[in-house]
Amino acid sequence: MTEPLRRRTTPHELRAEALRLAYDGAPVIDGLDLELPDGRITAIVGANGCGKSTLLRGLSRLLKPRSGVVLLDGAAVHSRPAREVATVIGILPQQATAPEGITVADLVGRGRYPHQGWFRRWTSTDDDVVRQALEATATADLAQRRVEELSGGQRQRVWIAMALAQDPDVLLLDEPTTFLDLAHQLDVLDLLHEQNRTRHTTVAMVLHDLNMAARYADHLVVMAAGHVLATGSPERVLTAGLVREAFGLTARIVPDPVTGSPMVIPVGRSQARQPTPRDADGPARAAVQQAT
């Protein structure tokens with residue numbers, strides 16, 4: 001990947017206060033307070049239906065609060081012009097749809113929309129940003145293909161390229177590894193990690209894989225039933241007790257052999273009735289935090 005064109009220098013504060021989000025029926029989130037650490041990677045995790053995606057939609061201005069507020073640098077994000085917000089916040093929604101017949105290059109180019117205006121037309125800088133976004137997501141060879149012709153994994157990488165082309169200071173992604181095989185999951189998460197470390201982009205993403213979240217995130221937000229159960233570093237937050245409370249899952253927590261971050265080992269009912277294998281003795285046994 002080539003170096004980013006612009007290193008972020010302006011800090012941004014994105015936080016929710018007493019946030020209440022709902023669709024047609026009962027509220028999904030009610031009275032939630034949260035602040036995303038600036039310049040860090042946050043992973044939002046929790047069981048299905050706990051409100052992770054709804055929270056991200058609220059933070060990104062896609063879902064208007066029933067009450068409470070989302071503040072970007074002290075101003076309510078839902079009362080600010082969409083183009084103005086989009087110069088700071090980029091989003092990859094869970095189910096993005098592209099216009100029929102649009103090519104990959106044209107779709108990624110739409111990420112430059114917030115930077116256009118009455119007196120600002122397409123320039124060579126826009127070309128460079130789009131090219132870098134395509135290269136970073138390994139989609140440059142797909143540039144002239146129509147989006148509907150692509151596989152699910154290819155489409156996902158193209159949508160991430162569009163978000164990167166927006167050149168945002170805050171990047172919100174709802175399940176960015178959906179449809180991707182394991183190798184491409186790692187590529188995408190490595191890419192987001194690189195964006196964060198080299199450009200100081202604030203990244204917040206909904207992830208289902210707890211172990212990937214623990215590997216790549218500086219900060220975890222664990223949700224349950226529409227509220228925040230715990231926040232903090234993976235080392236502090238991921239305990240057997242919390243995994244049981246958030247997911248209804250018995251688990252053991254061991255060090256990830258690659259990164260040293262917490263690694264969640266689920267224990268099924270059949271495994272829980274079996275004795276610990278002999279090779280769990282010694283140092284390996286000491287590393288395991290027994291579920292309580």
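Predicted model: local features only at pLDDT ≥ 70, side-chain atom pairs only at ≥ 80, totals over all residues.
Local features are described where pLDDT is at least 70, and side-chain atom pairs count only at pLDDT 80 or more, whereas totals for chains, interfaces and linings use all residues. Residues are numbered from 1 along each chain as its sequence is written, and side-chain values use heavy atoms, with hydrogens and water left out.

View 1. Helices (H or I, at least four residues) and strands (E, at least two) are DSSP runs numbered from the N terminus. Of the 292 residues in the chain, 47% are buried, that is, under 20% relative accessible area with a 1.4 Å probe, counting protein chains only.

**View 2. The packing of helix H4 (residues 124-136) with helix H5 (residues 152-165).** The two helices pack at an angle of about 145°, and their axes lie 8 Å apart; axes are lines fitted to C-alpha atoms over the stretch in contact, with angles running from 0 to 180 degrees between N-to-C directions. From H4, Val129, Val130, Ala133 and Ala136 meet Ala161, Leu164 and Ala165 of H5, where contact means heavy atoms within 4.5 Å.

View 3. Gln185 counts as buried because its relative accessibility is 17%. Its side chain reaches the backbone oxygen of Leu180 at 3.0 Å. When neighbours within four places in sequence are left aside, Gln185 is in contact with Thr177, Leu180 and Met212.

Conventions:
Buried < 20%, exposed > 50% of the residue type's maximum accessible area, 1.4 Å probe, protein only. Polar contact = N/O pair within 3.5 Å; in protein donor to acceptor, adjacent residues only side chain to side chain.
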